[in-house]
Structure formats: structure tokens, C-alpha cells
Amino acid sequence: MTDARTGSDDPAVQFIAVHKWYGAFHALRDINLTVRRGERIVVCGPSGSGKSTLIRCVNRLEEHQRGSIVVDGVELTPDVKRIDEVRREVGMVFQTFNLFPHLTVLDNCTLAPIWVRRMARRDAEDLAMQLLARVKIPEQATKYPGQLSGGQQQRVAIARALCMTPKIMLFDEPTSALDPEMVKEVLDTMTALAQDGMTMIVVTHEMGFARQVADRVVFMDEGEIVEIDAPEPFFDHPQHERARLFLRQVLR
Ligand SMILES: Nc1ncnc2c1ncn2[C@@H]1O[C@H](COP(=O)(O)OP(=O)(O)OP(=O)(O)O)[C@@H](O)[C@H]1O
Ligand SMILES: [Mg+2]
């Protein structure tokens with residue numbers, strides 16, 4: 001698929017025979033995955049299967065020891081300049097929102113654009129307000145994170161990541177710390193982002209979201225990608241016993 005903005009048809013993210021160890025523990029085993037530009041990937045699997053490790057390797061929050069990871073045409077190596085280059089293109093949203101509690105919503109959003117992108121404050125604020133409007137909470141701009149609901153805080157975290165105009169967005173269980181009534185507003189925000197063509201890798205157990213939004217579902221177990229398929233065949237006819245067992249548990 002050709003990227004509308006760059007005209008480039010190289011993949012957004014490519015894992016080639018990637019292995020990762022935490023000490024002696026083999027956390028990722030021979031991961032091969034190519035994410036096309038504009039593609040939406042949902043990653044699921046049991047606790048401890050390596051989902052967070054996998055996506056954290058994309059922006060080098062974790063380091064792999066073997067194989068290669070290429071993000072937006074840049075191979076991740078210990079070279080700090082390359083890591084910075086990749087991090088500028090990759091936004092991440094965590095389960096716990098990781099907002100700065102002593103900064104207003106607006107200042108949370110403008111911090112990186114001003115200090116990393118060297119954007120003028122006025123421009124950074126205009127951009128932040130546009131993105132807060134996009135996640136439907138422009139009226140919260142002057143509040144502090146502690147004054148917002150969990151769902152609102154997570155939408156701020158999404159807006160904050162978007163303020164760096166990333167090419168790729170990573171989500172690590174963005175709704176699993178939320179009360180049920182707030183899950184939908186965050187999933188709706190993510191669905192809208194997907195409809196706008198953002199490349200997304202989402203770790204989630206929200207199987208309704210996976211069915212509706214994902215182009216492909218990646219199922220992991222014990223550090224391996226066990227199954228990759230479009231949502232319909234994955235949910236309707238999972239190939240592996242481990243995937244069937246997992247689906248029975250989450251869909252129960
Ligand atoms: N910093 C670390 N040091 C040592 N082991 C780690 C570290 N981080 C993760 N692990 C181990 O690596 C494995 C994969 O962890 P990871 O967090 O990627 O799993 P996960 O699939 O995201 O699980 P969960 O669904 O519980 O979030 C687990 O066995 C975990 O204990
Ligand atoms: Mg995890």
C-alpha cells in the first residue's frame with residue numbers, strides 16, 4: 001500500500017527473525033511481522049506472552065538482541081540518533097496514562113512539540129487544541145489530569161501522542177485500566193483514528209474492537225507469534241489449539 005503523504009511503499013514496521021531475552025528468559029522468539037502503512041494490527045494473547053515486549057521494541061523502550069527491526073525505513077540499532085529518529089515518528093499510549101500530574105492538559109500536550117520539535121508555543125497550542133477537539137475534550141484544556149475521568153485522561157494521552165504528528169501509533173492495553181462506562185469513548189477515539197488512516201499496533205483484549213477495526217490479528221503465546229490472520233477467520237476458525245483456548249477464555 002502506498003503512503004499518501006510520502007508516496008513510499010516500504011512497510012511501516014518490519015520485524016525480521018527477532019529474538020529478545022530478559023537475562024536468561026527468552027521473551028520474544030523468532031518474530032517475523034510486516035506492518036504495512038495504514039494497517040491496523042491488534043495483538044492479543046495470554047498474560048506474559050510478550051505482547052508489551054513486542055510493541056515496546058518498536059520504539060526501543062526494549063532492546064532486541066537478535067534479528068532486525070526496521071521502523072519507517074530506519075533500522076533500530078544502539079545508535080541513539082536513529083532511536084531518536086524512530087521515536088519522533090512513533091507515538092505510544094499506555095494502560096496507565098502517564099500524564100504529568102503537575103501540568104495542565106494543554107501543557108501536557110505542548111511539552112514535546114515545544115521542547116523536542118522546537119515548535120513555537122503559539123503553534124503548539126493551536127495544534128494541541130485541534131487535537132483535543134478531535135478526541136472531543138477541548139473544554140478540558142486548562143484542567144489538571146487529576147481533575148479528569150480515566151477515559152478523559154486516556155483521550156488526553158492520545159491527543160498528546162498525536163501532537164508529535166506520529167506516523168505510527170502503539171497502544172498497550174489502553175482501556176484495561178478504565179471503568180467499563182469509559183471504555184467506549186476511548187475505543188471510539190481509536191476507531192476514528194483508524195478511519196483517518198493511522199498505522200496502529202494495538203495490544204488489547206477488546207475483541208469487538210479487533211473485529212471491527214483490525215486488518216489483522218496477531219495471537220502470541222510464550223514469546224511466539226502463533227497465528228496471524230484477518231479478524232473473521234481468526235475469530236471464527238482459529239487454527240491453533242492455544243488460540244482457541246484463549247478465545248474461549250476472553251469471549252466467555
Ligand atoms: N523487565 C523485565 N525483566 C524481566 N522479565 C520481564 C521484563 N519485562 C517482562 N518480562 C517477562 O517477559 C514476559 C513477557 O512480558 P510482557 O510484559 O511482554 O507480557 P504481556 O503479554 O504484555 O503480558 P500482560 O498481558 O500481562 O501485559 C513475561 O514473562 C514477563 O515476566
Ligand atoms: Mg502487557
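How do the residues of the lining of the largest pocket divide into nonpolar, polar and charged? They comprise 13 nonpolar, four polar and four charged residues, where Ala, Val, Leu, Ile, Met, Phe, Trp, Tyr, Cys and Pro count as nonpolar, Asp, Glu, Lys and Arg as charged, and the others, Gly among them, as polar. The model is predicted, with local features requiring pLDDT of at least 70 and side-chain atom pairs pLDDT 80 or more, whereas totals for chains, interfaces and linings use all residues. Residues are numbered from 1 along each chain as its sequence is written, chains are lettered from A and ligands numbered from 1 in the order in which they are written, and side-chain values use heavy atoms, without hydrogens and water.

The largest pocket has a volume of about 650 Å³. A pocket is an open set of points on a 1 Å grid over the protein atoms alone, where a 1.4 Å probe fits, with protein on both sides within 12 Å along at least five of seven lines; lining residues have an atom within 4 Å of a point. The volume is the space filled by probe spheres set on the points, which are joined across faces, edges and corners. Of the 21 lining residues, R87, V90, M92, A112 and M164 are the closest to the pocket centre. At least two lining residues come from each of α2 (80-89), β6 (90-93), α3 and α5, and β6 gives the most, with four. Helices (H or I, at least four residues) and strands (E, at least two) are DSSP runs numbered from the N terminus.

Helix α3 (residues 105-115) packs against helix α5 (residues 150-162) at an angle of about 25°, with the axes 8 Å apart. Axes are lines fitted to C-alpha atoms, for helices over the stretch in contact, and angles run from 0 to 180 degrees between N-to-C directions. The angle makes α3 roughly parallel to α5 (under 35 degrees; over 145 is roughly antiparallel, 65 to 115 roughly perpendicular and the rest oblique). Contact (heavy atoms within 4.5 Å) is made by V105, N108 and C109 of α3 and V156, A159 and R160 of α5. By class, this contact has four nonpolar, one polar and one charged residues.

The axes of α3 and helix α4 (residues 121-134) cross at roughly 125° and come within 9 Å. The two helices are therefore oblique to each other. Among the α3 residues in this contact are V105, L106 and D107, and those of α4 include R121, A124 and E125. The contact of α3 with α4 has nine nonpolar, one polar and three charged residues.

Helix α6 (residues 180-195) packs with α5 at about 20°, the axes being 8 Å apart. α5 and α6 are therefore roughly parallel to each other. The α5 residues G150, G151, Q152, Q154, R155, I158 and L162 meet M182, E185, V186, T189, M190 and L193 in α6. This contact has six nonpolar, five polar and two charged residues.
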